[in-house]
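Take a look at the fold below. The walk-through goes sheet by sheet, then turns to the helices.

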Amino acid sequence: RTEQDGWYVQGVYQFNPRWRFGLRYDSLDSGDPRIGLVQDGVLLASDFPLLLPASPSRVTTMVDFSTSEFSRLRECYEAALAHPRISGLAIGTRPDCLPDIVLDYMAELAQEHIVELEIGVESCDDRVLEHINRGHDHACSEEAIGRAAARGLQVTAHLILGLPGETRAGMLDAAARLSAQPIRALKLHQLQLVRGTAMARD
């Protein structure tokens, strides 16, 4: 029976958005094992070479490459579509998360599968979007919808009714503005407030 302890220190440096380098140093103190036969004088400690006290240490290096977000996205979608009982995808996302490379890929999938792209517009009023800290304006939504529709994708817009600062006139204006957009469907959502959040306290 013995008591062991050890420690390690490590550092990781990300020198590129997709590459990291790391260095780690480990040290272990095996302690001084107490062996009954040795303590009784029957055998010598040297008769148990594997149990002699030791302080091993090691240095480990790491080089890590992270695949891009697009690569992970493509892997997930293709794994889902490989299932024999799945014939398509309904993809929900934000308008500011649709770079051209992703839309091009979705358009490619849509040639052989059902692809429904659902974009969270949420409001057409920039003042409301700013107030709820949405992180994008309505022009971003219009631009994303246009780029998706230009690739032949079926777009569904999502709108939340009753956001803080929204008025009846603003909701009617949203209906007119979205009607002019190349969307296939519109989903209306009620506003759900979670107790303790900033919006619930507003």
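What follows traces the strands and then the helix packing.

This is a predicted model, in which local features need pLDDT of at least 70, side-chain atom pairs count only at pLDDT 80 or more, and totals for chains, interfaces and linings use all residues. Residues are numbered from 1 along each chain as its sequence is written, and side-chain values use heavy atoms, with hydrogens and water left out.

Start with the antiparallel sheet. Three strands form an open sheet in the order β1-β2-β3. Strands here are DSSP runs of E with at least two residues, and helices are runs of H or I with at least four, both numbered from the N terminus. Two strands pair if DSSP finds at least two bridges between them. β1 (residues 5–16) and β2 (residues 19–29) run antiparallel, joined by 10 bridges. They form a hairpin with two residues between them. Within this pair, valine 9 stands opposite tyrosine 25 in β2. On to the next pairing: β2 and β3 are antiparallel too, over nine bridges. Here serine 27 stands opposite serine 57 in β3.

Now the parallel sheet. Four strands make an open sheet in the order β4-β5-β6-β7, with parallel pairing. β4 (88–93) and β7 (185–190) stand at the edges with a single partner strand each, so one side of each is left without a neighbour in the sheet. From one strand to the next, the twist averages 20 degrees. Strand β5 (residues 114–122) pairs with strand β6 (residues 154–161) over six bridges. Strands of a sheet pair through backbone hydrogen bonds, either parallel or antiparallel.

Next, the helices. Helix α3 (residues 100–110) lies across β4 and β5, at about 145 degrees to β5. Such angles run from 0 to 180 degrees between N-to-C directions, and axes are lines fitted to C-alpha atoms, for helices over the stretch in contact.

How do α2 and α3 pack, and at what angle? Helix α2 (residues 69–81) packs with α3 at about 15 degrees, their axes 11 Å apart. That makes α2 roughly parallel to α3 (angles under 35 degrees count as roughly parallel). The contact (heavy atoms within 4.5 Å) includes Phe70, Leu73 and Tyr77 from α2, and Ile101, Val102 and Tyr105 from α3. Its residues divide into nine nonpolar, no polar and two charged. Ala, Val, Leu, Ile, Met, Phe, Trp, Tyr, Cys and Pro count as nonpolar, Asp, Glu, Lys and Arg as charged, and the others, Gly among them, as polar.

Terms used. Parallel < 35°, antiparallel > 145°, perpendicular 65-115°, else oblique.
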